[in-house]
Amino acid sequence: MYDVNQQDEVRRAYINMGPFHLELKEYKRTHDGKQYRSFQYSWFSKFPWLQYSVVKDKVFSFPCFLFDNRSTRFHVFTVDGFDNWKRVGGNQCVFSDHEGKNKSYSPHGVNVQKWKQLEDPSQHIDNVMRVRSSQQVSDNRLRLKTSIETVRWLAKQACAFRGHDKSGSSSNRGNFLEMVKFLATMNEDIHRFCLDNAPGNSKYTSPDIQKEILKILADEERKKIREEIGSGKFCMLVDEALDESNQEQMAIILRFVDCHGIIRERFFDVVGVRDTTALTLKENITSILTRYDLQIENMRGQGYDGASNMRGAWNGLQALFLNECPSAYYVHCFAHRLQLALVAASKDVHDVWLFFSKLNSVVNFVNVSPKRHSELRSAREDEIIDRLASGQLESGTGTNQMCSLTRPGATRWSSQYFTVSKVIDMFDSTCKVLENTMQSGLNNNIRGEAKGALQALKSFEFVFILHLMNEVMGITHILCQKLQSKSQDILNALNLVASTKMLLQELRQEGWDNFLKNVFSFCKEHGIYIPDMDACYLEGTGRSCQQQNVITVEQHYHVDIFNVVLDFQLMELGSRFPDQTLELLSLSSSLDPTNHFESFNIDDICNLAQRFYPLDFTEKELGTLKRQLQHFKYDVLVHPKFQNLSSLSELCRRLIETRKSEIFFLIDRLIRLVLTLLISTATTERAFLAMKLVKTSLRNKMDDDFLSSCMVIYIERELADSIDSESIIDIFYSLKSRNAPLR
């Protein structure tokens, strides 16, 4: 029992959550004579006061549980629970008997009235006793609305709320108070009723009020995401990272198809975890999903960063969720697969590994010194002016902008591509900086390092591999970018992988002559020595004892570097993205609308639904699905509005636009399930980038709830804009007793 002074607060907390109406596909069945009986979800609509317990498989009366204090013989609906389902329905329905003939005066009816009265803050005795006026309520709401809009704006911009000194004499009282002060200068009503002009008991500017408003906003956003999912299925993306205070944070992203057929990847929550074992992670994830009525049985995909505790086949997180929901298929992040393929290919070719080592040395040497960095920008500016004057470059908005050499990232292959392309564009400027450093360096070490970097940069082998990497990375860069798109579907991703393989194969078979011509042209333009391609290639120091094969210089560059690099790339892409990939993805290709539904196959589509989605299609629906597919073949496949579709997601949207999703509802359901499968976990990486902006070195002591609320508002800011301030005020007022009336 709670203290008498706390009982209403406890009851109010229960009332805010409401009766627990859990919808299950099948409730627990109990044997009753010759029949099996179970609880029915439809009873909730007729008796909304019911509350179902999954653990006990019993129902309780929500208002009686909160307010009833009668003798123990009436404890069926308050303590023991009711599970005699045979007595539900008919003239002798036990639920109707519990309500009583006169619902206003029965014990249950009295408890319902208490429930409604406690739910409505205007009926609380402390509010009834206050003398209020409409003007007072309006003024209070204006003050609170000002605080709400300030909190919303600061969270959307990832700004800090408080400063180190918020006293009245301070010239900077923190972002929150300074923003309210600014709004007061722009609006006379706010000036008259806020800050120093507000009553001491209802300023709505304290740190606790700020956190309370922030949490309400974040919870409302999550509810909107839950509404977007509706009764559909979802895929879960999870990743971990350390925050500024070295605490492990786990980000949760939900991927689903909304009612308009658009693929959504919504940031849902970030949770601080003490340990990263699979079981602990599962408990944290399940707790969050259950809190917003997201059932594990509705999960149809899961994706992680590839760590063993995440994807392990036996004890990993994916295995734990698969045990609970067999249709929650694990798909390894496509972007991570591509990253592994490209990195492996670069490390396995000795010449390429050596090239990147030299490239990093050159870039680091130029960037490490602010003086050399400034010289590079100045040299680049002069080069652009000269080339514009000679007509080698065209002018225009956004062209020829100033840039600098970027350091390549170890885990981001696209950054390697940007570095390679920048070195080609700024080759002359970089050489000029290195030459100047050779002449005027501060000491012998710097001058010697500049000379070594310049010799590496102006060698034919370096330039050859520089252009080769630019060609290869230019092809794979498009795939890198597309795989990180939020709205990418899995069939389109497989098509992009296939086209990337074809382009690399085409470059290997037919691109040598043009490629070598471009390298020669670049060398002549920049004064780089071109070796005799027909001469004998000498390995090592050139001694005869070191020569194993007699080959020409051209054969060395063509076979030992050009072909080997492309072969390794194709081999790695083939192993990471096999043509005969998982059967699930292979069968899903039968729904691909590209090339006028060239891959459409009724048997494969039915097999896909039967084998991989048995929880979503009954035996009867599988038969109906086949008949719908037969009609679909002669209706949709030849319909003018369904020609030249480029992706499965476009097909889903077109079905909704033409309302054919209502006719072919089972096909629409299957398409949505396939679209729910993830492509990459890039959204979680973006979430961690946002975390670095929110939780900085100056804000490294914020608690997990505050961080989570700030991040969901910052990342899903369009949802934050859609939440009405008036509704936030009403929720704020209903949470607990307030000092000032708000309605």
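Analyst: For the classes used below, Ala, Val, Leu, Ile, Met, Phe, Trp, Tyr, Cys and Pro count as nonpolar, Asp, Glu, Lys and Arg as charged, and the others, Gly among them, as polar. The model is predicted.

User: How many polar residues does the lining of the largest cavity have?

Analyst: The lining consists of Asp351, Leu354, Phe355, Lys358, Glu461, Phe462 and Ile465. By class, four of these residues are nonpolar and three are charged.

User: Which element gives the most to the lining of the largest cavity?

Analyst: The largest cavity has a volume of about 50 Å³. Two elements give two or more residues to its lining, α15 (350-367) and α20 (460-483). The one that gives the most, with four residues, is α15.

User: Which element gives the most to the lining of the largest pocket?

Analyst: This pocket, of about 1400 Å³, is lined by 38 residues, with Met17, Asp219, Lys223, Arg291 and Tyr292 nearest its centre. The elements giving two or more residues include α1 (7-17), α10 (207-229) and α11 (278-291). With nine residues, the top contributor is α10.

User: How many charged residues are in the lining of the second largest pocket?

Analyst: The second largest pocket holds about 920 Å³ of space and is lined by 32 residues. Its lining has 10 nonpolar and eight polar residues, and the charged residues number 14.

Notes
Residues are numbered from 1 along each chain as its sequence is written. This is a predicted model: local features need pLDDT of at least 70, side-chain atom pairs count only at pLDDT 80 or more; totals for chains, interfaces and linings use all residues. Side-chain values use heavy atoms; hydrogens and water are left out. On a 1 Å grid over the protein atoms alone, a cavity is a set of points where a 1.4 Å probe fits but cannot get out, and a pocket is an open set with protein on both sides within 12 Å along at least five of seven lines; lining residues have an atom within 4 Å of a point. Grid points are joined across faces, edges and corners, and a volume is the space filled by probe spheres set on the points.
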